[in-house]
Amino acid sequence: MAPVNEHISSENKCLATCAASKDSNQKACYHALLGLMLLLILTWGGNVEAEIYQWRDDNGRVHFSDALPVDDAVEANTVELQPISEYTSPPAHRQGWSPSSYASDSGAVSKTARANSVAAEQKSRELQQQRCAKYRDLYRKASKTLSDNIDDALKKRDKKNNYRNKIKEYCG
C-alpha cells in the first residue's frame with residue numbers, strides 16, 4: 001500500500017509544481033506587460049511642436065522642413081501652422097440647461113423663456129385637439145343626414161371630404 005500513497009503524493013507534488021509554475025508564468029507575463037506599457041508611456045511624445053521652415057532652392061522649388069537649409073545663402077522663413085481642427089462650444093442659446101446657467105441671472109431669464117415656450121406649446125396642442133374634436137363632430141353630423149337629390153349629395157360629399165382633410169391636419 002505504501003507505493004500507492006507514494007504515487008498519490010508524487011501526483012500532488014507534480015500538480016503543486018505545475019500550479020506554482022503557472023502562477024510564476026502569469027506573474028512574469030504581468031510584469032512584462034506592465035514594463036511594456038511603461039515604456040510606451042515614457043516614449044510617447046504626445047503633442048510635440050517644432051519650428052517649420054520654408055525656402056526656395058536655386059530651381060525655384062519650395063521646400064518645407066523642420067531643420068534650417070544646409071546652404072547659408074538661402075533665406076528660410078518660419079511658417080506658423082494653423083490647428084487642423086478646433087472645438088468651439090455652441091452659442092449659449094443653443095445649449096441645454098446647466099447648473100451654472102440656472103444659478104446666474106441669465107439662467108433665470110432662460111428658465112422663464114423655457115417656461116413661456118412650454119406654455120405656448122401646450123396651448124397650441126390644446127387648440128389643435130379642440131379643432132380635431134370640432135371637425136370630427138362636424139364629419140359625424142354630416143354623415144348622419146341623407147340627401148334627396150344628387151346635387152345635394154355631391155355638395156355633402158365635398159363637405160365631408162373637406163372635414164376629413166381637416167381631421168388629418170389636426171388629428172395627425
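Trainee: Which helix does Leu33 lie in?

Mentor: Helices here are DSSP runs of H or I with at least four residues, strands are E runs of at least two, and both are numbered from the N terminus. Leu33 lies in helix α1, residues 2–43. One thing before we go on: this is a predicted model, where local features need pLDDT of at least 70 and side-chain atom pairs count only at pLDDT 80 or more, while totals for chains, interfaces and linings use all residues. Residues are numbered from 1 along each chain as its sequence is written, and side-chain values use heavy atoms, leaving out hydrogens and water.

Trainee: What pattern does the protein follow along the sequence?

Mentor: Reading along, you get α-β-β-β-α-α-α, that is, four helices and three strands.

Trainee: In what order do the three strands sit in the sheet?

Mentor: Two strands pair if DSSP finds at least two bridges between them. Here the order is β2-β1-β3, in an open sheet with antiparallel pairing. β2 (62–65) and β3 (77–79) are at the edges with a single partner strand each, so one side of each has no neighbour in the sheet.

Trainee: How many bridges join β1 and β3?

Mentor: Three, and β1 covers residues 52–56. Gln54 stands opposite Asn77 in β3.

Trainee: What share of the residues counts as buried?

Mentor: Buried means under 20% relative accessible area, exposed is over 50%, and partly exposed is in between, using a 1.4 Å probe and protein chains only. In this protein, 8% of the 172 residues count as buried.
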